[in-house]
Amino acid sequence: MSWSSSELCRAVSAVVPPLTAAAHKGQAGRVGVVGGSLEYTGAPYFAGISALRVGADLVHVFCQREAGVPLKSFSPELMVHPVLDGTDPLGEIEEQLGRLHVIVAGPGLGRRPTIFSTLSHVLQAARDRHLLLVLDADALFYLNDNFDTLQGYPNTLLTPNRVELARLYRSVMQTELKAEQVKAEHVQRLAKRLGVTVACKGAVDVIASGDIVVTCDLPGSPRRCGGQGDLLSGAAATFFYWAFGTAAASKEPPALPPSVLAAWAACALTRTAAVSAFGVHGRSTLTRDILTYLPKAFTTLFPDAK
């Protein structure tokens, strides 16, 4: 079955929780971002603040020590835990895992072996607790040699660009593939082999899960400033929780897996916000400009959301 953009927008609107005085803090989503290092502090900020802008209630960021102060300075809305390179990072993170619904791993994480070791334990602990997982950036690089960590765990969404997809494809499939050769069939083969959902970002975003392939070809911005993928991963986390919760509460199986619907919603939202920002700022557009247009993009795409 093929899905039109309007049909997908309506499907997304149906999983957005209504804003009501009866709701309590945390009910619309509690997200954990695992990332942030000396060199990269913007990425976890954009992922976390995007999750909040879409509608999550609470976001915790688990970062390295050097990233703690910058992240705390960026935003008072993020709860920042500079523990990733501490003496007992897993112990401190596990205190929070039971309170979270979704983990976004990778934004600004860095590639130090000790951090990857911690990431491995965090992913396993999250999997043991049946948390939803969104992996991007350096977490995808980690998977190149450790893809068995998440293989067969269906509550996983990977959000690679074409370069990251080709690299992971070579590792998993043991077949040569260059970024410029990536097609929808490669995305689907990788998703099937891993038993997860893969959303490959490109001129047309391709989202695959099992036999399902959905594309997002809404207009986007020609500006390629860094950080847009972080906005997407954070948005995907919130949508993932909403779609998963809606599916769990329904007696009927969803028409699309929650991970697929969440990925499409995040792709569409990021593209639409980027177009608005580019219309104002042009070549000077930055990711923080795109961030400010997320609310407008949300109401434009999903007007039926209560």
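## Two loop residues with positive phi

His130 is found in the loop between helix 5 and strand 5, in a structure that is a predicted model. The phi angle of His130 is near 60°, which is a positive value in a residue other than glycine. Most residues other than glycine have a negative phi. At 61% relative accessibility His130 counts as exposed, because the cut-off for that word is over 50%.

A second residue of this kind is Gln174, which lies in the loop between helix 7 and helix 8 (184–194). Although Gln174 is not a glycine, its phi is positive, at about 55°. Gln174 is likewise exposed, with a relative accessible area of 67%.

## The sheet and its edges

How many strands form the open sheet, and in what order do they stand? Nine strands form it, in the order 3-2-1-4-5-6-7-8-9, and their pairing is mixed. Strand 3 (79–82) and strand 9 (212–216) stand at the edges, where each has a single partner strand, so one side of each is left without a neighbour in the sheet. From one strand to the next, the twist averages 15°.

Helix 10 packs on this sheet, where it touches strand 6, strand 7, strand 8 (205–209) and strand 9, and the direction of helix 10 makes about 10° with that of strand 9.

## Pairings within the sheet

Strand 1 (residues 30–34) is mostly covered, since four of its five residues are buried. Strand 1 pairs with strand 2 (residues 58–63) in the parallel sense, over five bridges, and within this pairing Arg30 has Leu58 of strand 2 as its bridge partner.

Further along the order of strands, strand 6 and strand 7 (residues 197–200) are also paired in the parallel sense, here over two bridges. Leu157 stands opposite Thr197 of strand 7, while Leu158 stands opposite Val198 of that strand. On the other hand, strand 7 and strand 8 run antiparallel and are joined by three bridges, with Val198 standing opposite Ala208 in strand 8.

## Helix 6 and its surroundings

Which residues of helix 6 (residues 138–146) are buried? They are Asp138, Ala139, Leu140, Tyr142, Leu143 and Asn144. These buried residues pack against both strands and helices, namely strand 4 (102–105), helix 5 (113–128), strand 5 (132–135), strand 6 (156–158) and helix 7 (162–173).

## Helix 9 against helix 10

The axes of helix 9 (residues 228–249) and helix 10 (residues 258–281) come within 7 Å and cross at roughly 140°. Helix 9 and helix 10 are therefore oblique to each other, because only an angle over 145 degrees would count as roughly antiparallel. The crossing in which helix 9 passes helix 10 is right-handed. On the side of helix 9, the residues that make the contact include Leu231, Leu232, Ala235, Phe239 and Phe240, and on the side of helix 10 they include Leu261, Ala262, Ala266, Cys267 and Thr270. By type, the residues of this contact divide into 17 nonpolar, three polar and no charged.

An α-helix has 3.6 residues a turn, so residues three or four places apart point the same way.

Leu232, whose place is in helix 9, counts as buried because its relative accessibility is 5%. Not counting residues up to four places away in sequence, Leu232 touches Thr159, Lys201, Ala266, Cys267 and Thr270. Leu232 and Phe46 are 186 residues apart in sequence, and yet their C-alpha atoms are 9.0 Å apart in space.

If its neighbours within four places in sequence are left aside, Ser276 is in contact with Tyr293 and Lys296.

Note on methods
Residues are numbered from 1 along each chain as its sequence is written. This is a predicted model: local features need pLDDT of at least 70, side-chain atom pairs count only at pLDDT 80 or more; totals for chains, interfaces and linings use all residues. Side-chain values use heavy atoms; hydrogens and water are left out. Axes are lines fitted to C-alpha atoms, for helices over the stretch in contact, and angles run from 0 to 180 degrees between N-to-C directions. Angles under 35 degrees count as roughly parallel, over 145 as roughly antiparallel, 65 to 115 as roughly perpendicular and the rest as oblique. A crossing is left-handed if the near helix is turned anticlockwise from the far one by less than a right angle, and right-handed if clockwise. Contact means heavy atoms within 4.5 Å. Ala, Val, Leu, Ile, Met, Phe, Trp, Tyr, Cys and Pro count as nonpolar, Asp, Glu, Lys and Arg as charged, and the others, Gly among them, as polar. Buried means under 20% relative accessible area, exposed over 50%, partly exposed in between (1.4 Å probe, protein chains only). Two strands pair if DSSP finds at least two bridges between them.
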